[in-house]
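Subject: Structure for you to look at

Hello,

Please find below the structure we talked about. Have a look at it first, then read on for what was found.

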Amino acid sequence: MINVNSLTKKFGNTTVLDHLSFQVKQGEILGFLGPNGAGKTTTMRILTGILAPSSGTVSINQHDILDQSLVIRKQIGYLPENNPLYETMRVYEYLEFVAKSKQLPDITATVKQVVHDCHLFEKITSPISELSKGYRQRVGLAAALLGNPNILFLDEPTSGLDPNQAAEIRKLIRNIGKTKTIVFSTHILAEVQAICDRAIIINQGKIVAQGTVNELISQTQGKVQIQAEIEGSVDAVTKALQQLPDVQTVSAPKIHQYIIELSGKQDVRKAIFELCVQHHWILLGLRQSDVSLEDVFRQLTTSPHA
Amino acid sequence: MLSFLSVYKKELVSYFNSLISYIFIIVFLVILSWLFWQNVFLAGQTSMRDFFTLIPWFFLILVPALSMRLWSEENKQGTIETLLTLPVSDVHLVLAKFLSAASFVAVVLLCSLPLPITLSRIGNLDWGPVIGSYLGAWLLGCAYLALGQWLSALTKNQIVAYLVTAAIAFVFLLLGTSAIASGDGVFAKLCYTLSTQTHFASLAKGIISVRDVIYYLSFIGIFLYLNVYTLTKRHFA
């Protein structure tokens, strides 16, 4: 349904997307994960035809995004980042404008349907400028749903919402996703776990991991992480910790704090304690936990070589 | 066509929902009518000449205020993303915005029609120059709109769009003043040909010359083309 092949985007000398390749199948909900500035919005803008790629190809339903942009625009719905809306319009005016621009046959029936789907009936005559952020997001979603497109692109649809509003929007997306292909970007892992069939993690314009949510979680299962607080020379402590058995990575995010990831299940806490005694370092704290998907995301998206 | 009309209607309605549009209409009609009637009663002439002499200068200040928001507001609010993902071509978007603004200028000009009608009742009004002047005024307004619309696509700041449009429009107007455009030199002839003022003055005489109409249509066409080019270039940024 969506084929992205070696997609690259450069702004001047800066490479924002670097040879991204992925496919999205019909009916799939794909989560596009990455930290701010990873290239999620640029990817969305290219997939929706707002920006042209510097190189590589994008095809949607076998239509090329550059050659048949207008055909593709009729088949997709898009909720841009920050959900820009015409503030001076009322909700029904805005939806009617989008429906007419999409050249939909029965405007009234179509608008009624999306108003029903997005639970907007009570706000239909309200000026958009007076809506809460949650309702604004629903209006944006309703506009994207007009014309019953098969594919929806949602760029950070829950960004800036309070937890209740975010939960409502997620519920709405889950319902919509029963019948449609959805690509949605986020930097919230819980959202991906709650909604998506599959996720792609990008960082600095490159795909650093992809797979079903279960696959990504299973990659992390069985791994153990230790958080240690040790007072001593950072270089010396890091070097010593790296030499312990089964230690995969050692990072020092804060002063005296070390995060040690292990490849196996071996308990190295005793060895760390003995190391501190041996080098006369002061052990301030030691805690062992299982590695979560969030830890993997953080590791993948903070490593300079990711 | 339906999508084009949808964008055209949205833009036109936004003019009538905007305070700046009503300021435009009130300033235009009140000041010009006051100056016009003052001249009519002082000079005792049933002519619209003084009214139309002032129009290029009024448009210089007022038309950029209409065009400044056409794209810069979309750029600033991010609604340009909504527009560019609708199944409407760039050419249709540019034309819809331009024609809505041109329609608004036509409405404003039509609002001044009671002046010549009243004048024709109290005296012997020559309708030829009046019709030519109205056509010239509308084309002049459209020319400034096309220029302003393109410039507003280059910025997110409406004030910048306003000032640059007014400045460039002023240069085009200035080229036609007698101090620059009179004489037989190549430069004077070039200024005479390029100025928006000289072609307006020519139409205001009541002779609708093809040359003047083509000048304005070319002026409009060039800046609308630049507007489409700017949108396309943004796509390939």
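A place to begin is strand S9 of chain A, residues 198-203, which is mostly covered: 6 of its 6 residues are buried. Keep in mind throughout that this is a predicted model.

What lies on each side of S9(A)? In a regular strand the side chains alternate between the two faces of the sheet. In S9(A), one side holds Arg198(A), Ile200(A) and Ile202(A), the other holds Ala199(A), Ile201(A) and Asn203(A), and all of these are buried. Both faces of the strand are therefore covered, given that a residue counts as buried when 20 or more other C-beta atoms lie within 10 Å of its own.

S9(A) is joined to other strands as well. Strand S3 of chain A, residues 29-33, is linked to S9(A) by 4 bridges, and these two strands run parallel. Within this pair, Leu30(A) stands opposite Arg198(A). Strand S10 of chain A, residues 206-212, is linked to S9(A) by 6 bridges, and here the direction is antiparallel. Ile201(A) has Ala209(A) of S10(A) as its bridge partner. S9(A) and S10(A) make a hairpin with 2 residues between them, and Gln204(A) in that turn has a positive phi of about 50°.

Positive phi values

Most residues other than glycine have a negative phi, and most peptide bonds are trans. Ser6(A) has a phi near 55°, a positive value in a residue other than glycine. Ser6(A) is in strand S1 of chain A, residues 2-11. Is Ser6(A) buried or partly exposed? Ser6(A) has 13 C-beta neighbours inside 10 Å, so it counts as partly exposed.

His280(A) also belongs here, with a phi near 60°, again positive in a residue other than glycine. His280(A) sits in the loop between helix H10 (269-279) and strand S14 (282-290) of chain A. His280(A) is exposed, because 8 other C-beta atoms lie within 10 Å.

An open sheet in chain A

Chain A has an open sheet of 4 strands in the order S2-S1-S4-S5, with antiparallel pairing. Which strands are at the edges? They are strand S2 (14-24) and strand S5 (63-64) of chain A, each of which pairs on one side only. Strand S4 of chain A, residues 55-60, is joined to S5(A) by 2 bridges, and the two run antiparallel. Ser59(A) stands opposite Asp64(A) in S5(A).

Domains of chain A

The domain assignment divides chain A into domain 1 (2-218) and domain 2 (223-290). The C-alpha centres of these two domains of chain A lie 42 Å apart.

Chain B

Chain B has 13 helices and 0 strands. Its radius of gyration is 19 Å, close to the 18 Å that the globule rule gives for 237 residues, so chain B is as compact as a globular protein of that length. Along the principal axes, the C-alpha atoms of chain B fill a box of roughly 60 × 45 × 30 Å. Of the 237 residues in chain B, 41% are buried. Among contacts in chain B with a separation of 6 or more, 76% are between residues 24 or more positions apart.

Where the chains touch

Nonpolar cores

The largest nonpolar core has 128 residues, and those with the most contacts inside it include Tyr94(A), Leu95(A), Ala143(B) and Leu145(B). Helix H8 of chain B, residues 127-152, gives the most to this core, with 13 residues. Leaving out residues up to four places away in sequence, Leu95(A) touches Val111(A), Val114(A), Ala142(A), Ala143(A) and Leu146(A). A second, separate core of 13 residues includes Ile226(A), Val237(A), Ala240(A) and Tyr258(A).

Regards

Technical notes. Residues are numbered from 1 along each chain as its sequence is written. Chains are lettered from A and ligands numbered from 1 in the order in which they are written. This is a predicted model: local features need pLDDT of at least 70, side-chain atom pairs count only at pLDDT 80 or more; totals for chains, interfaces and linings use all residues. A nonpolar core is a set of buried Ala, Val, Leu, Ile, Met, Phe, Trp, Tyr and Cys residues joined through C-beta atoms within 7 Å. A residue is buried if 20 or more other C-beta atoms lie within 10 Å of its own, exposed if 12 or fewer, and partly exposed in between; C-beta atoms are placed from the backbone. Two residues are in contact if their C-beta atoms, placed from the backbone, lie within 7 Å. Domain bounds come from an automatic or database domain assignment. The radius of gyration is taken over C-alpha atoms; the globule rule is 2.2 Å times the number of residues to the power 0.38. Two strands pair if DSSP finds at least two bridges between them.
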